[in-house]
Amino acid sequence: MKERITYLFIRFQEGNCSRSEFDELFQYIALGETDPSLKEILNSVYDAVLGDQEIPSGLLAGLKERQTVAAGFRRAGRGKKRILAAAAAVFLILVFFVYNRFRGAEQAAKERIAVIHTVPRTENRFLLLPDSTQVWLNAASSIEYPQTFDASRRVVALKGEAFFDVKHADKIPFIITTGEVTTEVLGTAFNIKAYPDMEKVTVSVKRGKVRVSFAEKQVATLEQGQEVSVTPKVEMVKERVIRESDAAVWQQGKLVYDDDTVEDIVKDMERVFGVSVVVESSYLKSLRVTTSFIQEDGIERALQVLCALVEADLVWEKEAYFIKQ
């Protein structure tokens with residue numbers, strides 16, 4: 001069938017199409033509107049015959065009106081009317097292919113419509129992505145991904161913290177974007193912490209290998225038991241070795257901080273415990289702390305330990321915790 005349609009289309013394009021061939025070609029076009037396999041053949045023939053020839057954008061304007069006029073021209077006799085009929089038919093064929101290409105693009109766009117999952121404070125959630133990649137979202141985090149992944153790569157956007165167990169797929173990298181920091185893998189398990197209101201993005205590898213880039217430049221290649229922190233504002237990159245079990249300790253109910261500011265630690269606690277914590281001093285906010293807490297011990301116990309480390313006082317008032325000098 002494809003060979004026949006190609007033959008008819010070339011005959012028509014060259015102006016050598018007989019009336020019976022003309023009618024046969026338009027019959028295929030009409031059937032293509034309801035037959036997906038035939039429509040695919042018609043589009044492939046269009047590619048083969050016309051290639052990348054530019055089609056004026058105005059062709060789609062007044063489609064119904066021009067189709068009606070063209071249909072009238074088809075019934076015309078010889079001479080000038082036949083010339084007009086051929087011209088109108090060319091228009092119809094081009095419109096058919098352009099229209100269906102646009103409709104195909106529209107359908108493809110629908111398949112790429114973003115799916116967004118957001119987790120509120122104090123909660124976490126498990127997700128299964130279209131490629132069977134497993135994702136655990138931490139509190140106050142969101143992830144965005146297409147309904148159907150591209151055949152050449154899988155891209156998701158993360159705000160917050162998530163642990164990924166990526167479905168391995170040769171030659172189809174899995175890419176996580178978090179602002180200016182990009183993490184790329186083929187198949188592995190790792191954690192990303194990238195809350196928009198925190199100063200750094202941290203990637204910790206539990207299994208496999210990942211490549212981390214900042215501002216489109218590769219900054220680290222991590223393997224099992226390695227971690228990198230990227231601080232975009234000062235363009236600082238810090239790598240360290242961790243225990244494989246520490247790649248996503250939040251899943252075990254632990255809060256672990258490595259050289260984090262008091263301000264960032266407090267923001268994290270607000271997300272996890274769903275409370276309001278106010279640090280009154282800019283000096284206190286900027287202090288850096290390395291520590292860990294058990295979530296089950298509660299927010300007050302964690303804040304008491306934090307205050308002891310930075311020599312501050314903890315006060316409860318107006319339905320919020322205040323850290324004061």
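This is a predicted model: local features need pLDDT of at least 70, side-chain atom pairs count only at pLDDT 80 or more; totals for chains, interfaces and linings use all residues.
Trainee: Let's start with the aromatic rings. How many aromatic pairs does a search of the whole structure find?
Mentor: Good place to begin! A pair of aromatic rings is described by the distance of the centres and the angle of the planes. Searching the whole structure gives a total of seven.

Trainee: What kind of pair do the rings of Trp136 and Phe163 make?
Mentor: Look at the distance and then the angle. The ring centres of Trp136 and Phe163 are 5.7 Å apart, and pairing needs centres within 6.5 Å. Their planes meet at 50°, so the pair is tilted.

Trainee: How many residues apart in sequence are the parts that this pair ties together?
Mentor: Find each residue's strand. Trp136 belongs to strand E3 (residues 134-137), while Phe163 belongs to strand E5 (residues 154-165). The pair therefore ties together parts whose separation in sequence is 27 residues.

Trainee: Which residue is buried, with a relative accessible area of 6%?
Mentor: Compare the values with the cut-off: buried means under 20% relative accessible area. Trp136, with 25%, is partly exposed. The buried residue, at 6%, is Phe163.

Trainee: Over the ring of which residue does the charged end of Arg271 sit?
Mentor: There are two charge-and-ring contacts to look at. Lys324 lies over the face of Phe322, at 5.6 Å from the ring centre. The charged end of Arg271 is 3.6 Å from the centre of another ring, that of Tyr195.

Trainee: Now the strands. Why is strand E9 largely enclosed by the rest of the structure?
Mentor: Strand E9 covers residues 201-207. Strand E9 is largely enclosed because of its buried residues, which number five of the seven.

Trainee: Which residue of E9 is the bridge partner of Phe190?
Mentor: Strand E8 (residues 189-194) pairs with E9 in the antiparallel sense over five bridges. A hairpin of six residues joins E8 to E9. Across from Phe190, the bridge partner in E9 is Val205.

Trainee: And which residue of E12 is the bridge partner of Ser204?
Mentor: E9 also runs antiparallel to strand E12 (residues 226-231), with four bridges joining them. The partner of Ser204 in E12 is Glu227.

Trainee: How much space lies in the largest cavity?
Mentor: Rolling a probe the size of a water molecule over the atoms shows where empty space is left. The structure has one cavity of 30 Å³ or more. Its lining includes Glu199, Ser229 and Asp258, and by class it has one nonpolar, two polar and six charged residues. The space in this largest cavity is about 70 Å³.

Trainee: Which element gives the largest share of the lining of the largest pocket?
Mentor: This pocket has a volume of about 460 Å³. Its lining has 28 residues, with Lys193, Glu227, Val249, Val256 and Tyr257 nearest the centre. At least two lining residues come from each of E8, E9, E12, E13 and E14. The largest share, six residues, comes from E14.

Trainee: What volume does the second largest pocket have?
Mentor: Its lining counts 22 residues, and among those closest to its centre are Tyr195 and Glu199. Helix H6 (262-273) gives the largest share of this lining, three residues. The volume of the second largest pocket is about 370 Å³.

Key
Residues are numbered from 1 along each chain as its sequence is written. Side-chain values use heavy atoms; hydrogens and water are left out. Rings of Phe, Tyr and Trp (its six-membered ring) pair if their centres lie within 6.5 Å; planes under 30 degrees apart count as stacked, over 60 as edge-to-face and the rest as tilted. Buried means under 20% relative accessible area, exposed over 50%, partly exposed in between (1.4 Å probe, protein chains only). A charge sits over a ring if NZ of Lys or CZ of Arg is within 6 Å of the ring centre and within 35 degrees of the ring normal. Two strands pair if DSSP finds at least two bridges between them. On a 1 Å grid over the protein atoms alone, a cavity is a set of points where a 1.4 Å probe fits but cannot get out, and a pocket is an open set with protein on both sides within 12 Å along at least five of seven lines; lining residues have an atom within 4 Å of a point. Grid points are joined across faces, edges and corners, and a volume is the space filled by probe spheres set on the points. Ala, Val, Leu, Ile, Met, Phe, Trp, Tyr, Cys and Pro count as nonpolar, Asp, Glu, Lys and Arg as charged, and the others, Gly among them, as polar.
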